[in-house]
Amino acid sequence: MQIGMVGLGKMGGNMAERLRRGGHEVVGYDRDPSISDVESLKDLVERLEAPRAVWVMVPAGKPTQSTVDDLGELLSEGDVVVDGGNSHYVDDQKHAAELAQRGIGFVDCGVSGGVWGLKNGYALMCGGDKEHVDRLMPIFETLKPEGEDGFVHAGDVGAGHFAKMVHNGIEYGMMQAFAEGWELLEASDVVKDVKGSFSSWRTGTVIRSWLLDLLVRALDDDEHLDQLRGYAQDSGEGRWTVQAAVDHAVPLPVITAALYARFASRQDDSPAMKVVAALRNQFGGHAITATEGSTGKGADAPGADVTPPKETER
Ligand SMILES: O=C(O)[C@H](O)[C@@H](O)[C@H](O)[C@H](O)COP(=O)(O)O
C-alpha cells in the first residue's frame with residue numbers, strides 16, 4: 001500500500017526501506033533535503049492518494065507535536081496518522097482528540113528493535129480504533145518480525161505507547177541486572193574469565209536473551225569496556241514508567257533503581273554523599289575527603305579497601 005513517512009533518521013529511514021523491500025510505496029519526508037523524497041510536508045501530503053496514511057517517526061515531545069499539528073492542517077477527513085516515535089501515552093490521547101475534530105484517525109505505535117529492525121523486523125505495539133489499525137495491517141505485517149509474535153493491538157489510543165513504555169521499564173531493569181553482575185565479576189578475583197562466563201550463559205541458561213547477546217558483542221569489541229565512560233542517558237520512558245507506577249501505587253523497586261542508577265551515572269560527584277560524609281564527620285568525627293586531592297576511596301575505611309569497616313570501627 002502507499003504510505004508517507006515523516007522522519008528518515010536511524011529508525012524512520014530503515015523502516016521506510018523495510019517497507020519498500022516489502023513492496024509498499026513510501027513517500028519520505030525529512031528536514032534534511034539530502035535524504036528527503038519531497039521538499040515539504042505539504043508536498044508529501046499532495047503525493048499521497050486519499051484516504052492517506054502518514055507514519056510519523058520523529059523524536060517525542062515538541063517535534064512530534066508540531067508534526068501532528070501540521071498534518072492536522074494538511075490532511076483531510078478519512079486520513080490516518082500513526083505516531084511510531086517514543087511518545088508519552090498522555091500525548092497520544094491529546095493528538096487523537098485534536099485530529100478527530102477534523103475526521104482524521106490516529107494510531108499510536110510503540111516500535112522496538114532499534115537499528116537491527118531493518119533485518120530482523122520491528123516489534124509493534126499499537127493503540128487506536130480497530131478500523132484504523134485494520135487499515136494499516138499491511139504496513140504492520142511488513143514491519144513486524146516473521147512469525148506469530150511481534151505485534152499487538154494493545155487497546156485504545158495510548159495503549160500502544162503505554163505497552164512500549166512498560167517494555168522499556170523492563171529493559172532498564174534487565175540492563176541494570178546484567179550491568180551489576182558484570183561489575184561484581186570484574187571486581188572479584190574469583191572468576192578469571194568474565195567475558196567467557198557471560199558468553200557461556202547465552203546457551204541453556206535461564207538468563208539467555210538478546211540483551212545478553214548484545215552485551216557479549218560489546219565485550220568482544222572491548223573486553224573490559226575501557227573505551228566507554230559509565231554514563232547513561234535516558235529518553236523519558238523509564239521516568240514515565242515510574243510516574244505511572246506512582247499514579248497506580250504499584251511498587252517498581254527494580255525499574256526505579258535502574259532509572260536512578262542512570263541519574264547517578266551523570267554525576268561527577270554526589271551532592272547527597274557529601275551530606276552523608278559531612279554528617280558522619282559531625283556525629284562521629286569520621287574522616288572526610290577534601291575535594292582537592294581526593295582519591296575517591298573512603299579515607300577512613302580500613303586500608304581504604306573494599307571491605308566494610310569492622311564493628312569496633314563503626
Ligand atoms: O525497544 C527499543 O528498541 C528501545 O527501547 C528503544 O526504543 C529505546 O527508546 C532507545 O533505545 C533508548 O531508550 P532510553 O534512552 O530510554 O534508554
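**Close-up views of a predicted protein model**

**View 1. Leu225 sits in the loop between α10 (210–221) and α11.** Helices (H or I, at least four residues) and strands (E, at least two) are DSSP runs, numbered from the N terminus. The model is predicted, with residues numbered from 1 along each chain as its sequence is written; local features need pLDDT of at least 70, side-chain atom pairs count only at pLDDT 80 or more, and totals for chains, interfaces and linings use all residues. Side-chain values use heavy atoms, with hydrogens and water left out. Leu225 is not a glycine, yet its phi is positive, near 55 degrees. Its relative accessible area of 22% is why Leu225 is classed as partly exposed; buried means under 20% relative accessible area, exposed over 50%, and partly exposed in between (1.4 Å probe, protein chains only).

**View 2. Ala249 also has a positive phi, of about 50 degrees, without being a glycine.** The residue lies in the loop between α11 and α12 (253–265). Ala249 counts as exposed because its relative accessibility is 69%. Most residues other than glycine have a negative phi, and most peptide bonds are trans.

**View 3. The peptide bond from Ala50 to Pro51 is cis.** Its omega is near -5 degrees. Pro51 is placed in the loop between α2 (41–47) and β3 (53–56).

View 4. A salt bridge is a side-chain nitrogen of Lys or Arg within 4 Å of a carboxyl oxygen of Asp or Glu. By this rule the count comes to 15 salt bridges. Side chains of opposite charge can pair when their charged atoms come close. Glu17 is partly exposed at 30% relative accessibility, and Arg21 is exposed, with a relative accessible area of 58%.

**View 5. Arg102 forms a salt bridge with Glu73.** The closest N and O atoms are 3.3 Å apart. This pair links distant parts of the chain, 29 residues apart: Arg102 is in the loop between α4 (89–100) and β5 (105–112), and Glu73 is in helix α3 (residues 62–74). Arg102 has a relative accessible area of 42% and is therefore partly exposed. Glu73, at 57% relative accessibility, counts as exposed.

**View 6. Glu237 and Lys164 form a salt bridge between two helices.** The closest N and O atoms are 3.7 Å apart. Glu237 is in helix α11 (residues 237–247) and Lys164 in helix α8 (residues 159–187), so placed that the pair links distant parts of the chain, 73 residues apart. Both residues are buried.

**View 7. Val166, Ile170 and Met174 form a nonpolar patch on the surface.** Patches are made of residues with over 30% relative accessible area and no salt bridge; like charges are joined within 9 Å, and nonpolar side chains (Val, Leu, Ile, Met, Phe, Trp, Tyr) within 5 Å. Together the three residues have about 220 Å² of accessible area, computed by the Shrake-Rupley method with a 1.4 Å probe, where for residues only the protein chains shown count as cover. Met174 lies in helix α8 and is partly exposed, at 35% relative accessibility.

**View 8. Thr291 lies in the segment after α13 (271–284).** Thr291 counts as exposed because its relative accessibility is 70%. The C-alpha atoms of Thr291 and Lys62 are separated by 40 Å, the residues being 229 apart along the chain. Further along, residues 295–314 have a pLDDT under 50; pLDDT is the predictor's confidence in each residue, from 0 to 100. For residues 295–314 the model has 13 contacts beyond four places in sequence, a contact meaning heavy atoms within 4.5 Å. The protein averages a pLDDT of 93, and 93% of the residues score at least 70.
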